[in-house]
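Try each task before you read its solution.

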Amino acid sequence: MYMVKDSNLYLVLSSEYTKGRPAADIAYQAIQAGIDILQVREKTFSRGNFLSYAKDIRSLCRKRSVTFIVNDDPVAAKRLDADGVHLGQEDIIKYPLPLTRGILGRDRIIGISTHSVRQFLKAQEQDFDYIAFGPVFETKTKNYKIGTDGIGEVLSKSRKPVFFIGGINMSNIGTLASMGVKNIAVIRAITEADDVALEVKRLKTAIISLKTGPNYADKN
């Protein structure tokens, strides 16, 4: 199946946060500059409009071997032949994990958002391929933050890849580096950057250095 490894820069692409620029243009620049994973997140699109919009971004990802993830909707992910789907805590009510796995099959990625250590530990015992933890810092995309206090426990107990998300940018990535974080996911740090390619390269250089934390692979 598709593998999620360490030192990944994960872009969550949303046209809501592109400063009015076409999301596909942001995607192209970010893919060319070296992101590892791209999730398409559009909360207001109908499924039909979403499929039409996302297929071109999927094609861009395929050309550069960037993992392509669909937010919220495993049916759309299946129709797009995406590499996987990302589910929020609310989404798993509509699409419980066994149903989602049945739709996508064993060879696709299923990720889950968690917002507390308790949620993280529960998710880790289930059939998810990676876990997102956050929002760590203040961000426009959420009306709360959980801070960094739980990061040490999450890293020490993780047996799967963990992506830290929420307000991460070049001004605070050093804090995460000092704690041993290996993977980050961002939205606005890239989508709102004046120079998308430059910001991707700066973040990617920083994320490659985040290699000092515990290795989940050694605990399986």
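The exercises below cover the barrel, its helices and a pocket.

This is a predicted model, where local features need pLDDT of at least 70, side-chain atom pairs count only at pLDDT 80 or more, and totals for chains, interfaces and linings use all residues. Residues are numbered from 1 along each chain as its sequence is written, and side-chain values use heavy atoms, leaving out hydrogens and water.

**Exercise 1.** Trace the strand order of the closed barrel.

*Solution.* Start with the terms: strands (E, at least two residues) and helices (H or I, at least four) are DSSP runs numbered from the N terminus, and two strands pair if DSSP finds at least two bridges between them. Next, follow the 8 strands, which run S1-S2-S3-S4-S5-S6-S7-S8 with parallel pairing. Then look at one pair: S1 and S2 (residues 37-40) share 4 bridges in the parallel sense. Here Leu11 stands opposite Leu38 in S2.

**Exercise 2.** Which strands does H2 touch?

*Solution.* Contact means heavy atoms within 4.5 Å. By that test, H2 packs on the sheet against S1, S2 and S3 (67-71). For direction, axes are lines fitted to C-alpha atoms (for helices, over the stretch in contact), with angles from 0 to 180 degrees between N-to-C directions. H2 makes about 160 degrees with S3.

**Exercise 3.** Which element gives the largest share of the lining of the largest pocket?

*Solution.* A pocket is an open set of points on a 1 Å grid over the protein atoms alone, where a 1.4 Å probe fits, with protein on both sides within 12 Å along at least five of seven lines; lining residues have an atom within 4 Å of a point. The lining has 38 residues, with Arg41, Thr141, Lys142, Ile165 and Ile187 nearest the centre. S6 gives the largest share, 3 residues.
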